[in-house]
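Thanks for coming. I have one structure to go through today, and I will keep to what can be computed from it. Please look at it first.

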Amino acid sequence: MTGSPFMALPGAVAADGIDAGVAGHYGNPIVEQRHLERGAAIVDLSNRGVVTVTGPDRLSWLHSMASQALDRLAPGEGTEALFLDASGRIEHAAHVIDDGVTAWLIVEGDEAAPLSAFLDRMRFMLRVEVADAGADVAVLGAMSTTALDAATPAFAPAGIALDWVDPWAQPRPGGHQYAHDAGHPASDWHWIERIVPRAALADAAAAVRAGRVEAAGALAAEALRVAAWRPRLASEVDERTIPHELDWLRSAVDLGKGCYKGQETVAKVLNLGRPPRRLVLLHLDGSDTVLPVPGDEVVGEKVRPEPEAGDEPERRVVGHITTAVMHHELGPVALAVVKRAVPARLPLIVLSHGIDVAAAQVEIVPADSGAAVEVPRLPRLGVHKR
């Protein structure tokens, strides 16, 4: 891969961290958010990876390993799939679209090689071929096909446009949502990822220069993602994460499909237990103009029942920041993963840059999320009811 033509656009400032390799913004990320939100801008996602799977067994084979039902995926239909370890922890996540000939998997840039290697090891005698296609194709993102069409035509090597429409906007059949239905912000999330020939990036950048479409940076896309409560592998997932903690059963898991690695944990936590941690949105105090960074600790303050003079509230680390952004309407907000038992009304503080940043919690996975199946309790031996 070579440097993106978008980095040569006026005002382009390189992103760092998980979005290194593309522009973080072009001079005004707040304005770029508004352009992106109303469907007038595109985002350079050329640092993402694309893995292809070809062969007549590709969908049934992927179906056998993934959390999502893929065996009957219709040409042009987009879906999302997770690949879990034996304990149900997330190892890979992919945005999947099939064109009738090839299954295209959009992944984080540093995930293309590991996922390709994993899939290649699992081929056995099946009629499938796995390839890392990142050198030949790239990805553009937008909130409307109108913006994408203004930049470059849809890519359809087998007659089906490779436009992946994010299923996050509505819970998928076969999935499960922990978040309360009322007011879920995902209804405003209309994200599309278009796979294009890598050479088409220059045409898309030229369309921006010509004023046919606006360009928005990675910061703008991340701000809208956070506002939609949308998890991302590169930021919200660590070595312990299971899908329930991020409300990812909503879009990436089919609870009715057959056996796959990690399924036992998925079913057990959903039906009999509770997620050990949970995703929350934090509204941050912006008076100190400090925006936390991923990994910053989230602490809860517990006041003693009978405090003495001079006593300070007891502080305990209850979680960590995964993504923090400046949103054009919400102001400074962040996604954080906290312990399950953290009360919904507990005052929280983010420790960032040596400053205490007050935070108000909005539950995504509620603290009282319980088992989906009510298990009858047996009476204790020796206990008689009268």
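How many positive and how many negative side chains does the protein have, and how far apart do the centres of the two sets lie? There are 36 positive and 51 negative side chains, and the two centres are 7 Å apart. Here Lys and Arg count as positive and Asp and Glu as negative, with His and the chain ends not counted. Each charge is placed at NZ of Lys, CZ of Arg, CG of Asp or CD of Glu.

A word on the source. This is a predicted model, in which local features need pLDDT of at least 70 and side-chain atom pairs count only at pLDDT 80 or more, while totals for chains, interfaces and linings use all residues. Residues are numbered from 1 along each chain as its sequence is written, and side-chain values use heavy atoms, leaving out hydrogens and water.

Now the overall picture. The protein has nine helices and 18 strands; these are DSSP runs numbered from the N terminus, helices being H or I of at least four residues and strands E of at least two. Its radius of gyration is 22 Å, close to the 21 Å from the globule rule for 386 residues, so the protein is as compact as a globular protein of that length. That radius is taken over C-alpha atoms, and the rule is 2.2 Å times the number of residues to the power 0.38. Of the 386 residues, 52% are buried. Buried means under 20% relative accessible area, exposed means over 50%, and partly exposed is in between, with a 1.4 Å probe and protein chains only.

Next, helix 5, residues 200-209. Its buried residues are Ala200, Leu201, Ala204, Ala205, Ala207 and Val208. They cover an arc of only 155 degrees around the axis, which puts them on the same side of helix 5. The arc is that of the directions from the helix axis to the C-beta atoms. Their cover includes strand 3, strand 9 and helix 4. After helix 5 comes glycine 211, with a positive phi near 80 degrees.

Helix 6, residues 218-227, is mostly covered, with nine of its ten residues buried. Among them are Glu222 and Arg225. Tryptophan 229 follows helix 6, and its phi is positive, near 60 degrees.

Last, isoleucine 30, in helix 1. Is isoleucine 30 buried or partly exposed? Its relative accessibility is 24%, so isoleucine 30 counts as partly exposed. Beyond neighbours within four places in sequence, isoleucine 30 is in contact (heavy atoms within 4.5 Å) with Met326, His327 and His328. The C-alpha atoms of isoleucine 30 and histidine 327 are 7.1 Å apart, although 297 residues separate them along the chain.
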